[in-house]
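Work through the exercises below with the sequence and the model at hand. Each task is followed by a solution in steps.

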Amino acid sequence: MTIPFAHILDELDALVYVADMDSHEILYANARTKKQFGNGIVGKLCWQKMQEDQTGPCPFCTNHLLTDEKGNAKGVHVWEFENTRTGKWYMIRDRAIPWTDGRMVRLEIATDISERKRSENLATAFRDLSHAFWITKNPEEYYEQVHEIFRRYIAAENFYVALTDREKDRVIFPYFSDETMDLPPILYGLSSRGENTLTVQVIRSRKPLFITREQILTRIRSGQMKPKGTIPEIWLGVPLILNQEIIGAIAVQNYRNPTAFSEKDSWFMISVSELITLAIERGRNEQFLRESEEKHRALSRATFEAVLISEDGICIECNQAASDMFGYPREELVGIFSTDIIAPESVETVQHNILSGYEGACEALAVRKDGTFFPAEFRSRMFHFRGREARTTAVRDLSRRKEAENRLRQSMAVLESIFRAAPVGIGMVRERKLLSVNEKMSQMTGYGKKELIGNDIRMIYTDQEEYERTGRIKYGQISEKGTGTVETHWLCKNGRVIDILLSTAPVAAKDFSKGFTFTAMDISERNQMEAQLRQSQKMEAVGRLAGGIAHDFNNLLQVINGYADLALSDPNLPHPVKHSLEEILSAGEKARSLVYQLLTFSRRQMTDMKKIPVNELIQSHINLIRRTVGDCTDTVFIPAAGDAGTIRADSAQIGQVLMNLCTNARDAMPEGGSLIIRTEKVRVNLPSGIKIHLAKPGYYACISIKDTGCGMDENTLKQIFEPFFTSRESGKGSGLGLAMVFGIIRQHKGMTDVRSEIGKGSEFRIYLPLSEKSGLQKEKRKGSTDAHGKETILIAEDEEMIRDLVQTILEKEGYRVICAKDGQEAIEIWSAGQEEIDLLFLDLSMPRRSGQEVCAHIRKQKPDARILFTGDYHADASDGAFVREKGLEMIRKPYKRQALLYKIRKILG
């Protein structure tokens, strides 16, 4: 139950609880109910916790009155009841309502009317005593009537009237009814020297006496009084006083129940004692009737309800509460027709109850003098008033209670609305059968409510093993902690499997047989996002490792390939040596290609980014692709209608991506097939469609490569972009092809997606962010340049073997070479002899000072200083960006001898 709804119920000035109509189990109780009967009543049986000495369901239970033969709710049943456990009177409003699991339960709202009852009882007792006075002439008969009235209102089985006889100094008992004594005692000694019994103490003190058995025994032990007869558990006596004269006492006692009477019962006896006194002395006092009417008016004023007395439908008397309730001065209210205070639409109902003799509560709409209406409860009965038949009517204003009921209904409507609108599935299950579900549960699983309710929850699990695993974990947690939460998989009606976060709690904390409530959250997309994030982080980590390895490997390859190339430049080499060197160089070139793939995967290779129309880019590579895949494959290019957009990309790298994907497609079609390359412009809104990593919303150029080959299973799809993973036979692939595709596309801030099924082919989709339009930019062809020179070149390289290699190559071609082991030393050498240095050959990454820092320092002194940079993996670093932005020259490691010489000669002119 939600906090606002529970708070409203807890603040109601009434007891509110819900009980199962079959088992009588208490399903809910508000704060006032728990305070009255104990915090632990929820889950218990109502007749055990709310009634005294009850061995089974209450005989007065109203369950059978709340529903019809078909089990449908009939309406509100209103009745009054005195609770045997609290001793309080309640006005009960019972109705049948559907519970969360669909079963009908009893909702009971009980308002404490003890004070009203007490006032009514006192008024009724007073009325009955008055009535007895008028209709009984025999004193003994009158005492019996008084005893009967006391039985009804304070359960006084043992009752007696004691009267004083001053002339004989004694107390006599004109009426005596006691379960332990057949004959009443005759007590002598009203004077201070006589007996000191309880009755005598009341008469002497002229005050009521409320005393328990222990107090009586204390007085006996102290000698204040002597024991007479059986000592009661509790005793209550009040004096009878008339015109300041004590004439006797009345008393009640109980031999079994020490709490049979209370101080309120003492007040009741005091209140009616005067009327009894008047009845006893009516012969001596003719003002009996007038005083009894005054007492009646006093009692009427004391009650919170409006009380009206009418004769022939006309009000002849009323209390102040009636005047206040209906807004009439008392003198105006007396004399009006009773129907004038009832709304026209309710007159017939009230009159019907009067004519039928119904004395119970009747709800009707009352009307005030100012014409405003309010809900009220009417109770009416006939009685003797001033020697003739009259009708007394008690009216209770129900406005506050109706307002509370309206708030309760609104709260229940809000609760039902929350149940319907909850973003998670909610339900109740007992013995693993679904008893109730909300609309979201149906939407998640695809089953209608009627298909779910009443069926075993096993129907929505993927298999028996998952069903048992979930139950084992969940119920283990509930036994230990009271609630259980577990991730599981559900099978929807359409065959789709969804990931579920299932949270369960028992309806009754220690009684699992009552069932369980649960919430189910679909976490499929969340799990997919987490998997994508983990994959992206794993690929990033592998990329960092690959980049680090490639950097060191590049330096080694530069030395190996460089010396092999240098050695091959000797025309006098013997053939066997020349052949060996060629093999070494060939292997080095293959290693260089492998390093390039590693750098591509790690997104750390240098790039030449230009704005290129997508369709022109594909068209520039399509002929090479067709030659590569062969004639057995029908290769078709379907450009986007109109324009697929312009991207900023490295044409060579994107071409390498296309070649890798197309050769993979060819290998998946050994007997031939169709290869379709398609371009289109798309907008990506959400990441759910991109399986490799998260997408950024925006416009993209999509290049798809689709084949009709053998396809891939789900396990292969999860690993295809991982480095060194291959589905080919051993020795037929390095496993870096698709990893390189992944790296290049990531470096271009794009995304990759693949869809495949066994026997149905595969489709790779590449998403590249769109840029402004520009034509395809083609590189200028390199011209031939003489490699020899006599200029002075300063080499700054921290790797000694590379430094020695470059020095050897350049000196062999006639150049004068000066070497520096880091950037700082290069600056120092330049500063000492800058006029002699024609060109600086700088490694971008060096200790102490980087190549960029050396360049910045030198160009402050000589802006036209000629500089050639070298490096390998700084595509995204500031150094690489610096080279591109300044329009400087650079050669990538590992470079060939001729390429180096060409670059140097090109710069020197």
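The exercises concern a predicted model and cover ring pairs, cysteines, a helix crossing and backbone details.

**Exercise 1. Classify the aromatic pair formed by Tyr-461 and Trp-490, and state which parts of the chain the pair ties together.**

Solution.
- Step 1: the ring centres of Tyr-461 and Trp-490 are 6.3 Å apart, and the planes make an angle of 75 degrees.
- Step 2: centres within 6.5 Å make a pair, and planes over 60 degrees apart count as edge-to-face. The pair of Tyr-461 and Trp-490 is therefore edge-to-face.
- Step 3: Tyr-461 sits in the loop between α16 (449–452) and α17 (464–481), while Trp-490 belongs to strand β19 (residues 484–491), so the contact joins parts 29 residues apart in sequence.
- Step 4: Tyr-461 is buried at 1% relative accessible area, and Trp-490 is buried at 0%.

The structure holds 17 aromatic pairs.

**Exercise 2. Which residues do ring pairs link into a cluster, and which ring has Arg-432 over its face?**

Solution.
- Step 1: the cluster consists of Tyr-142, Tyr-143, Phe-150, Phe-159, Tyr-175 and Phe-268, linked through ring pairs.
- Step 2: Arg-432 is placed over the face of Tyr-467, at 4.0 Å from the ring centre.
- Step 3: a further case is Arg-683, which lies over the face of Tyr-699 at 5.2 Å from the ring centre.

**Exercise 3. How many disulfides does the structure hold? Examine Cys-46 and Cys-318.**

Solution.
- Step 1: the number of disulfides is zero.
- Step 2: for Cys-46, the closest cysteine sulfur is in Cys-58, at 6.0 Å. A disulfide needs the two sulfur atoms within 2.5 Å, so the sulfur of Cys-58 is too far for a bond with Cys-46.
- Step 3: Cys-318 is likewise in no disulfide, and its nearest cysteine sulfur, that of Cys-315, is 5.0 Å away.
- Step 4: Cys-46 is buried, at 7% relative accessibility, and Cys-318 is buried, at 8%.

**Exercise 4. Describe how helix α24 and helix α28 cross.**

Solution.
- Step 1: two packed helices are described by the angle between their axes and the distance between the axes.
- Step 2: the axes of α24 (residues 800–812) and α28 (residues 897–908) come within 11 Å and cross at roughly 65 degrees.
- Step 3: angles of 65 to 115 degrees count as roughly perpendicular, and α24 and α28 are therefore roughly perpendicular to each other.
- Step 4: the crossing of α24 past α28 is right-handed.

**Exercise 5. Where is Pro-894, and what is the peptide bond from Lys-893 to Pro-894, cis or trans?**

Solution.
- Step 1: Pro-894 is in the loop between β33 (889–892) and α28.
- Step 2: the bond from Lys-893 to Pro-894 has omega near -10 degrees and is cis.

**Exercise 6. Locate Gln-244 and Glu-431, and decide whether each is buried or exposed.**

Solution.
- Step 1: Gln-244 lies in the loop between β10 (234–242) and β11 (245–254). Its phi is positive, about 70 degrees, although Gln-244 is not a glycine.
- Step 2: with a relative accessible area of 68%, Gln-244 is exposed.
- Step 3: Glu-431 lies in the loop between β17 and β18 (433–437). Glu-431, also not a glycine, has a positive phi of about 50 degrees.
- Step 4: Glu-431 is exposed, at 71% relative accessibility.

**Exercise 7. Is Gly-427 buried or exposed, and in which strand is Gly-427 found?**

Solution.
- Step 1: the strand is β17 (residues 425–430).
- Step 2: at 4% relative accessibility, Gly-427 is buried.
- Step 3: the C-alpha atoms of Gly-427 and Thr-504 are separated by 9.6 Å, and the two residues are 77 residues apart along the chain.

Definitions and conventions:
Residues are numbered from 1 along each chain as its sequence is written. This is a predicted model: local features need pLDDT of at least 70, side-chain atom pairs count only at pLDDT 80 or more; totals for chains, interfaces and linings use all residues. Side-chain values use heavy atoms; hydrogens and water are left out. Rings of Phe, Tyr and Trp (its six-membered ring) pair if their centres lie within 6.5 Å; planes under 30 degrees apart count as stacked, over 60 as edge-to-face and the rest as tilted. Helices (H or I, at least four residues) and strands (E, at least two) are DSSP runs, numbered from the N terminus. Buried means under 20% relative accessible area, exposed over 50%, partly exposed in between (1.4 Å probe, protein chains only). A charge sits over a ring if NZ of Lys or CZ of Arg is within 6 Å of the ring centre and within 35 degrees of the ring normal. Axes are lines fitted to C-alpha atoms, for helices over the stretch in contact, and angles run from 0 to 180 degrees between N-to-C directions. Angles under 35 degrees count as roughly parallel, over 145 as roughly antiparallel, 65 to 115 as roughly perpendicular and the rest as oblique. A crossing is left-handed if the near helix is turned anticlockwise from the far one by less than a right angle, and right-handed if clockwise.
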